[in-house]
Structure formats: structure tokens, C-alpha cells
Amino acid sequence: METTKSGLSRRQFLGAAAVAAGTAIVAGCSGNAAETAAPAAESAATTAPAAETAAAGAAAEGYTTESTYEWATAPRAGTEFTPTLKSADTEGLGNSTDPMVLSDAKITPFEGGRRRPEALSREHPLPMETGYVGPNARPILPVDAPASWTAEADVVVVGSGYGGLSAAAYAARNGYSAILLEKNQEIGGTSQHAAINMCVAGGAKEQIELGYFWPNDTFSINQAVNKLNNEYNDSIDLALLTATVIANPVWIDWMQEEMKVGWECIGSLYWRPEIGRKETTTVIGNRPTCEILAANAEADGAQILLKHQVTNLVVEDNRVVGVRALTADGTEEFYKGTQGVILTAGHFGMNFDLLEQYCPSAYREAATGGPMPWTTGECFRMGLGVGADVSGFDSWCCWDGAADEFWNSGSGNWWNYFWSGERQLAKNPWLLLNKAGDRIPYYAADFVAGTIQPGYDVDTYSMGDLTNSAAWMATIGNRNYCIFDDNYEENVFSFESAHTAADEGRIPVHPGDGTPEQLYCTQDWQSEFEGAIAQGSVFKADTIAELAEMVGLPVDKTVAQVEKWNEIVASGDDSEFTPAYLPDWLVPISTPPFYCIPCSGQIGKIMCGLRVNDKMQVITPQGNPIAGLYAGWFTAGGICGESSYGGVFGNPTLAGGVAISGVGGLMAVRAALGNPITYDDLCDEAKALDQADREAQSAAYLKKAADGSYMPVVQSQDHV
């Protein structure tokens with residue numbers, strides 16, 4: 001494997017990340033390096049034969065390759081619009097005028113503008129044919145197979161987070177060849193930046209040994225599926241959800257027993273034991289696990305190729321057979337997957353155009369994108385380019401405390417690391433106001449600590465940081481203005497009841513806390529905070545009135561709110577506010593200078609992605625699998641249903657925000673290799689418990705059917 005050491009300082013690294021993210025957002029590129037445009041454009045010329053093949057197949061099956069939609073080419077106000085694509089700008093998008101058809105879906109590349117389906121059209125509009133489509137939301141069309149392949153393997157995997165590493169490691173351990181392509185210079189993707197791995201519904205061996213069950217007192221697939229579907233607006237594909245409830249504990253046991261990751265089980269969560277012993281923090285807590293997976297994969301023969309940017313899928317005979325990639329020096333390479341191509345490259349939380357089209361509430365209300373600058377959605381667009389449907393519209397999760405540097409003031413960055421100094425300050429229970437100067441709530445703890453704040457129930461796997469984000473983004477102005485005084489360095493460590501969340505994400509990274517050396521944040525959180533003041537994302541003033549005027553809050557009302565707050569602090573009683581602050585949160589705002597951080601949610605995960613079936617095969621709007629193509633979460637979507645705002649339950653899935661990636665990767669690779677995960681893969685103890693529950697549920701059902709007790713008893717009432 002190529003080295004993962006970048007040789008960059010943290011400041012250089014973050015600067016480069018910001019530039020890369022800004023380029024992808026503002027300049028309208030597809031996330032590839034600028035120098036790759038020319039070879040990509042040359043490759044685009046090879047798309048026409050693929051289109052002809054697909055069109056012939058379409059005619060044979062009785063559907064048209066012609067678009068039934070007309071759309072205007074007028075731009076939105078304030079945007080530039082060029083009707084014709086230049087070849088140097090295509091970046092592998094393929095022909096910009098001829099429809100590209102694969103399987104039974106029609107895809108027409110489109111460079112921007114407002115479009116709307118005709119009245120009485122044959123079908124309702126597909127997701128990619130609805131609303132405004134910016135340059136970075138256009139489908140990336142496939143290319144034809146090359147004359148010769150750079151390399152071949154049973155599976156080609158894109159992305160080296162949990163999903164990609166799990167897929168490559170499983171394939172290699174079981175005697176299959178695997179090639180994993182990663183565009184960054186290190187493995188781990190966004191997965192390494194978390195620490196907690198979830199299995200909410202239970203069923204793993206250690207969970208059963210500990211007596212952990214959910215949602216009731218035994219392991220029950222049906223009960224878990226029903227409860228989870230209720231939590232997600234009853235809008236999840238039940239076959240997919242059931243398969244995932246089964247696969248989650250199967251992946252956990254596989255990680256523990258075969259991959260030897262050495263996690264500690266604490267009920268629903270698994271993490272490195274050194275985190276539980278407080279020898280280190282959760283910052284980059286999953287990096288050791290990613291390194292173990294990569295070492296296992298390579299030891300068993302898998303190839304992991306870093307700095308390989310996948311630009312297109314390759315189609316042959318109406319099947320996805322491989323990928324086109326560019327190396328760091330712009331060399332074009334082709335990799336063939338004889339059993340399948342697996343997309344596990346994350347979501348599009350840093351792509352404005354995709355957010356506006358597929359996740360508009362995140363586009364409108366999030367303060368920053370994320371979770372990392374490379375989540376720009378190219379693999380999602382490649383799936384669209386071969387006719388994939390979309391699932392999980394407007395579903396996303398977010399974390400609190402993101403300083404508004406892009407829309408408001410400051411550096412203009414759409415991304416900053418979620419452990420930076422000002423971020424950790426903003427995540428704490430200061431006095432919080434909305435744009436109108438009204439007080440807004442703060443929510444503490446998570447499901448590990450349990451309910452400790454009257455008025456906030458976390459027993460259903462809610463999490464304070466996600467709930468805060470949802471509340472703050474939904475308030476007037478979509479922002480939280482947290483206000484505190486010059487005693488912040490002492491006060492931030494005094495909020496002990498607010499620091500009970502398992503990830504300790506509200507405690508600033510500081511010397512001696514065990515945080516490992518890395519490029520993303522320092523242990524000098526005070527200097528990071530001072531830097532945020534200097535760049536204008538944090539405001540500082542000698543009086544509250546001056547501070548309010550600086551950030552655009554109503555001056556008199558803000559002064560009155562601070563005075564009222566200080567009265568509450570002096571009385572020690574906040575019981576009139578709902579949910580009430582806990583006693584150790586009541587600190588005065590009295591010592592100048594005073595500070596304000598306009599902040600809101602940072603995008604954590606976009607749960608909208610390519611629609612997949614219960615085998616993780618990418619499917620068309622008609623439900624047909626696209627041959628040879630698989631996707632893991634969160635390149636795939638739908639595991640949290642439709643319109644899941646804030647992702648509050650589970651952060652945000654039955655396997656949390658990271659383990660779900662590994663679960664999806666294992667599901668996808670096993671299906672691609674002809675050995676999909678089934679009920680029989682559960683441990684014997686889990687199957688015995690589930691079978692007993694099924695028998696009990698069957699007996700109860702039959703009893704109610706026999707005696708009629710399933711009918712609700714309706715009390716008669718007199719109506720006026």
C-alpha cells in the first residue's frame with residue numbers, strides 16, 4: 001500500500017481541503033483534479049457505442065430512449081448559464097445531447113436550468129429529472145470497455161471507508177481477488193473519524209451474552225423492523241430493512257471473530273477498549289480498526305490503490321463491468337470486476353448542486369457541509385448515469401456547533417473539522433438565542449447516559465447533538481447565536497452533566513486527554529478559538545449591545561435576554577424554560593469581553609442515495625437490478641426512509657453513522673460473490689431467540705383471531 005503520510009502541516013492540510021471543497025462547490029467541477037479534464041473528455045467520446053447498445057436493448061423491451069420531458073434553459077437569478085457543454089468541461093460525463101440508456105431507465109445529461117415534466121406525461125418525473133439541476137448534479141455517464149484492462153479482479157471496490165475495506169477484506173479472506181481504489185492519500189475515508197459502532201437491534205454474540213435486547217426483552221427481527229420503520233416515517237423498504245437488521249449483527253461478529261478488531265461491547269455500541277478506559281479520545285477513534293481491516297485485506301491478497309480517482313463506470317453488453325480511474329499524475333487506468341463493482345465512496349454532503357436537488361433542507365439550513373471535504377458524490381452521479389433510481393429523498397443527519405463561516409461571515413469555508421476549538425465551545429449550554437432574539441433550547445446527553453434532562457427523552461436512541469441541530473436549524477433564522485463571557489475557558493469544563501455523551505464531543509480537545517497525533521485538529525483549542533475570532537466566524541465585543549449589533553440580533557431584546565439570564569443564574573432556578581437547563585449550566589454572562597458564535601448543524605451523513613434492493617444491487621426506477629453494480633451506504637440511500645430530518649434516531653441508522661457502512665459493504669460483496677447474507681448467518685443464540693419470539697407472536701395472533709380481541713373497544717360517546 002502507498003504511504004498514508006502526507007508530509008503536510010495541519011494548516012496546509014486544512015487549507016488544501018478547503019480549496020478542494022470550494023473548487024467542487026463553486027467552480028462546478030465533478031470533484032476530480034483540474035488536470036484530469038482533458039483525458040476525461042477524450043474518454044467521453046467512447047460513450048456513443050454504449051448508448052447505441054443500450055438504445056437497441058430498450059427498443060427490444062418496448063420502451064423509448066427518447067426523453068418525454070421538455071425543460072426551460074433559463075438560469076436561476078444570479079447564476080451564469082452556458083447552453084452547450086465544451087468538451088474540456090465534460091469530465092467524463094459522456095455525450096451531452098444524446099440520451100444514454102441502460103436497462104430500462106432513460107438518462108439525458110443536463111447542464112443546468114429549471115425543468116418540469118409535461119402534463120399528462122407517461123410517467124411521473126424521475127428524481128434526476130426534477131427541479132433545478134446544477135452542473136455538479138448531472139449524471140456521470142459510463143464509458144465503453146477499453147481494448148485492454150490495467151488489471152482484473154473478482155470485485156472492484158471504490159472507497160476505503162468501513163464499507164470498502166469490509167468488502168475487500170471479506171473477498172480476499174474467502175479466496176477471491178479484490179482491487180480497492182481510493183482517491184485520497186490514506187485509507188479510512190470518513191469512517192476513521194468516528195469511534196462508536198452501533199448494533200441497535202442486537203443479535204450479536206456479545207450482546208446476547210450481556211443481555212442487551214431492543215426494542216423489547218429478546219432478539220426479535222420482526223419487532224425491530226416494525227419499531228425502526230416507525231422511527232423513520234414508515235417509509236423504508238421492508239425487505240431491505242429486514243436484511244439489514246440481520247446483517248448488522250452478522251457484520252459485528254465477523255469483525256470481532258475473523259477480523260480480530262478487538263472492540264469492547266457496551267450494550268448497543270462497540271468501540272476500542274482504550275477509549276472506554278479514557279486512555280484516548282474518540283477523535284479518529286476508528287483509525288485503528290480501519291488499519292486492521294486494510295492489513296487483513298492486503299495480507300490475504302487484496303490490492304489497495306491510493307490516489308486513484310474513479311471517474312466513470314465502464315459498461316459492456318448492458319452490464320457494469322469495471323471502472324475508469326485516474327492516478328495522481330493523470331494516467332488513465334481501467335479496472336475490471338468480473339463479479340461486480342461495489343460503490344462505497346460515501347455521500348454528497350459537500351456538493352451544493354446535489355444537495356439542492358436531492359436534500360434541499362440540508363442545502364437551505366445547514367451551516368457547513370461534511371463530514372469531510374471529499375464527500376462530493378461522484379459515485380452517486382455515476383449511478384445516475386447508468387439509470388439508477390434514488391431513495392431517501394431529503395434525509396440527512398447533522399451535528400451541532402458548526403460556525404457559519406460560509407453563509408454568514410468568516411473564512412468563506414463550507415467545511416471545518418468537527419473537533420476544532422470554536423466548534424467544541426459552541427456545542428455547550430450557553431445562553432442560546434435565535435435571529436429574533438428569543439431563547440432556544442439545548443439538549444443534553446445521549447442514549448448511553450440516559451434521560452437526565454427533564455423534558456428531553458433520549459431512551460429511543462436520540463442524541464443531544466443531533467436534536468440540538470434539528471432544533472436550531474428549524475428556528476427563526478435557522479441559526480443558534482450562543483453568547484458567553486470571558487470566563488469561557490473555565491466554564492466550558494464545568495458543564496459536567498452536558499459532557500456525559502459517549503463521544504465526549506462537547507469537551508474541547510486539550511493536552512493530556514490522549515488525542516492521537518493527526519492533521520485535522522490540535523490540542524491547542526484556545527488558539528483555534530482565537531483564530532476563529534480573527535477570521536470573523538466568532539464575534540467579540542466589550543458590551544452585549546455592541547455584540548448584538550455585530551451579529552445582527554435585535555439590540556434591546558438581546559440586552560434584555562442577557563439581563564434575564566443573569567437573574568435566572570442568580571436564582572438558581574430555570575424550571576420555567578422547557579426543557580430546563582440543568583443546575584451546572586447556569587453560569588453568568590457578566591465579565592467582558594463577550595462572545596457570540598452564530599452556528600447551526602454540520603452535515604454528518606446524507607442518507608439519500610442510489611436505490612438498492614435487499615442484496616445491495618443498484619436498481620432502476622422500475623425495480624430492475626443494474627447488472628454488475630452494487631452500492632453500500634451511504635452511496636446507497638433509503639435506510640432511514642424518506643424525509644428524515646436531522647437523523648436524530650440512532651445517529652442516524654440502526655447501525656449508527658459508521659458501522660452501517662461496514663454492514664452495507666459486507667452485504668454487497670457477499671451478494672456480488674453469490675453468497676448473500678441470510679438468516680442462517682446469524683449466530684445460533686440469535687436464531688433461537690428469534691424463533692421463540694416468532695412462535696410466541698404466532699400464538700398471540702391466533703388467540704386474538706379466535707376470540708376477536710384484536711378489535712379495539714370503542715366507547716360510545718354522546719356528541720353535542
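Let us begin with helix H6 (residues 221-231) and helix H20 (residues 684-707), whose axes come within 8 Å and cross at roughly 75°. Angles of 65 to 115 degrees count as roughly perpendicular, so H6 is roughly perpendicular to H20. On the H6 side the contact is made by Ile221, Asn222 and Gln223, and on the H20 side by Asp690, Asp693, Arg694 and Gln697. Sorted by class, this contact of H6 with H20 has one nonpolar, three polar and three charged residues. Keep in mind that this is a predicted model.

Another pair to look at is helix H4 (residues 162-173) with helix H9 (residues 287-299): their axes come within 8 Å and cross at roughly 30°. That makes H4 roughly parallel to H9. The crossing of H4 past H9 is left-handed. Among the residues that meet here are Leu165, Ala168 and Ala169 in H4 and Leu293, Ala294 and Ala297 in H9. By class, the contact of H4 with H9 has nine nonpolar, three polar and one charged residues.

| Helix pair | Axes come within | Crossing angle |
|---|---|---|
| H6 and H20 | 8 Å | roughly 75° |
| H4 and H9 | 8 Å | roughly 30° |

Now for the strands. Three of them form an open sheet in the order S8-S10-S9, with antiparallel pairing. Strands S8 (197-198) and S9 (264-266) stand at the edges with a single partner strand each, so one side of each has no neighbour in the sheet. S9 is joined to strand S10 (residues 269-271) by three bridges, and the two run antiparallel. Within this pairing, Cys265 stands opposite Tyr270 in S10.

Note on methods: Residues numbered from 1 in each chain as written. Predicted model: local features only at pLDDT ≥ 70, side-chain atom pairs only at ≥ 80, totals over all residues. Heavy atoms only, no water. Axes fitted to C-alpha atoms, helices over the stretch in contact; angles between N-to-C directions. Helix = DSSP H or I, 4+ residues; strand = E, 2+ residues; numbered from the N terminus. Parallel < 35°, antiparallel > 145°, perpendicular 65-115°, else oblique. Left-handed = near helix turned anticlockwise from the far one by under 90°. Contact = heavy atoms within 4.5 Å. Nonpolar A, V, L, I, M, F, W, Y, C, P; charged D, E, K, R; others polar. Pairing = 2+ DSSP bridges.
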